[in-house]
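Hello,

Here is the structure I promised to pass on to you. Please open it alongside this message and follow along as you read.

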Amino acid sequence: VRQMEQTHNSYWVAIAHRQLTGLSVGNVHSSDLEILVRAATTQFQQGRVREASATYRKAASLARKLSDASRAFDLRLRAAAIELQQKDYKTASADLRNLALTDPEYQRSSEAHLLAINATATLARESSSAFPDYEELLREHLRHWKSGPSADTVHKRLGQIQFVRGELQHASDSWLLVDDSFVQIAEVRDSLNRCFQQMLTNPKLEQSVRDQIANRAASYFLSAVEKQREAENDWNVNSRQLLARHATFQLLHSSEVPRPLLRLLQSAAASPNASPQEKATLESLIGLNQALLGQFGAAVTTFNQVTWPLVDRPVDLLSRLDEAAQEQQKWNKPITQMILHLNNTFVQSLEPFSQDDEYRRSRYEAAALKRVGNGKAAIQIYSRLATQQPRNVPILTQLAQLLSSDPTEGSQKSALKTWRTVVRLTSSGSPEWLEAKLGIANSLWALGDYERAQEVAKLTTVLHPNMKDTRLKRGFESLLERAPSP
């Protein structure tokens, strides 16, 4: 046929093609591989796709007999491609998987297996019953091909599945295995950023675990910064974003504060092509870094330069400074003053706040006011929050604690009322409920009702003798042992 195409006109070539495509898989006996390939190609061009697929398979079988593994692989891949085109995803996936696993060491086997994964992913989108097969193919891929572009794609997808399930540690493990050269590395880094942030929102995390997660995230993004700068030879939007993420994890979530970070942040913020938002974000982190290093004057100066409306989640800085005020007793006063200064700045430039940010901002303001001895102002803040959120147990508990610390009769009566509200809103025996019961007993005692105070304490310890919180247990025991004032 090839010779006729060169020596005869289109009439005779067409007749030759008809003769060739008249052959079926069952009656093709020629050992000429090229005849089978041309037959399959012509069948496909004429719309006889199932016949074409079968002929390609026959040609692949012949290629294997001729020890042409590369040609055999390519022909089986063509047959599977026809199945994909016909939307026969189940058959295509099985064929592609078998093709890949026949010789996993062959350079294109991982490509075929990834196509099998894609076909099964289509089935999984159509029916959830195919999802277990899809996930198993992902894991199977990594058992045979642990690195390379296809493995990076699989790690990315497996991480997405784990993230949706809430398996955050496994998701981060999967995404951290993706190579920096991966074409979708920016998307993977975005996912890792969200994953680490979500892991750190768990209020039950111990500080050691929090540090471990934050340092892992910070190390990853710092490494990414270094590689990005090495590739670009200067700061650009990508390297500045990566540095901001590194600094966020290092400064906001970890108890460790490395000095070299300050120089990096200042260098990035000074780059002439930094956008106003990038500059504001980096400057806010510089100020935080300076504050955590005890450079309070420099921190205030830096904070005063920040365009706060351009900074994402600025209230998070108050959270970290509040922690630092409690961790560093020698710096308690200057950090507390800085919290109050920043809070006033935020109120002037950032209102209105979201409900969550308003609660957090007010809480840090109240805690700072309490530390500087202005308990009345702190009580006013929590009273306002309690009016806005009358069923918010943490707010009511903080308000009751502040009221209980004031020995005046009016404050103790208000504390008693607030503690009783907490009891109504919480489950019997829960830590919040026990805290409120102890608060009721202490307020009754402060009001001179000693008998009822001890009755409350005694009944609570009888009903809940196995308190896990030793502080609460000692509080009840102390009240029962206490003698009334004369």
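This is a predicted model: local features need pLDDT of at least 70, side-chain atom pairs count only at pLDDT 80 or more; totals for chains, interfaces and linings use all residues.

Let's begin with the pair. The axes of helix α8 (residues 131-144) and helix α9 (residues 149-165) cross at roughly 135° and come within 9 Å. That angle makes α8 oblique to α9, and their crossing is left-handed. On the α8 side, the residues making the contact include Phe-131, Tyr-134, Leu-138 and Leu-142; on the α9 side, Val-154, Leu-158, Ile-161 and Arg-165 are among them. Sorted by type, the residues of this contact are eight nonpolar, four polar and four charged.

Next comes helix α23, which covers residues 431-446. Several residues of α23 are buried, among them Trp-433, Leu-438, Ile-440 and Trp-445. What covers the buried residues of α23 includes α21 (393-404), α22 (409-425), α24 (450-463) and α25 (470-481). After α23 comes Gly-448, with a positive phi near 90°.

Finally, have a look at Glu-365, which sits in helix α19 (residues 355-371). Is Glu-365 buried or exposed? Its relative accessibility is 16%, so Glu-365 counts as buried; the cut-off for that is under 20%. Apart from neighbours within four places in sequence, Glu-365 is in contact with Leu-340, Asn-343 and Ile-381. Between Glu-365 and Ala-69 there are 72 Å in space, C-alpha to C-alpha, and the two are 296 residues apart in sequence.

Best wishes

Note on methods: Residues are numbered from 1 along each chain as its sequence is written. Side-chain values use heavy atoms; hydrogens and water are left out. Axes are lines fitted to C-alpha atoms, for helices over the stretch in contact, and angles run from 0 to 180 degrees between N-to-C directions. Helices (H or I, at least four residues) and strands (E, at least two) are DSSP runs, numbered from the N terminus. Angles under 35 degrees count as roughly parallel, over 145 as roughly antiparallel, 65 to 115 as roughly perpendicular and the rest as oblique. A crossing is left-handed if the near helix is turned anticlockwise from the far one by less than a right angle, and right-handed if clockwise. Contact means heavy atoms within 4.5 Å. Ala, Val, Leu, Ile, Met, Phe, Trp, Tyr, Cys and Pro count as nonpolar, Asp, Glu, Lys and Arg as charged, and the others, Gly among them, as polar. The expected span of a helix is 1.5 Å times one less than its number of residues. Buried means under 20% relative accessible area, exposed over 50%, partly exposed in between (1.4 Å probe, protein chains only).
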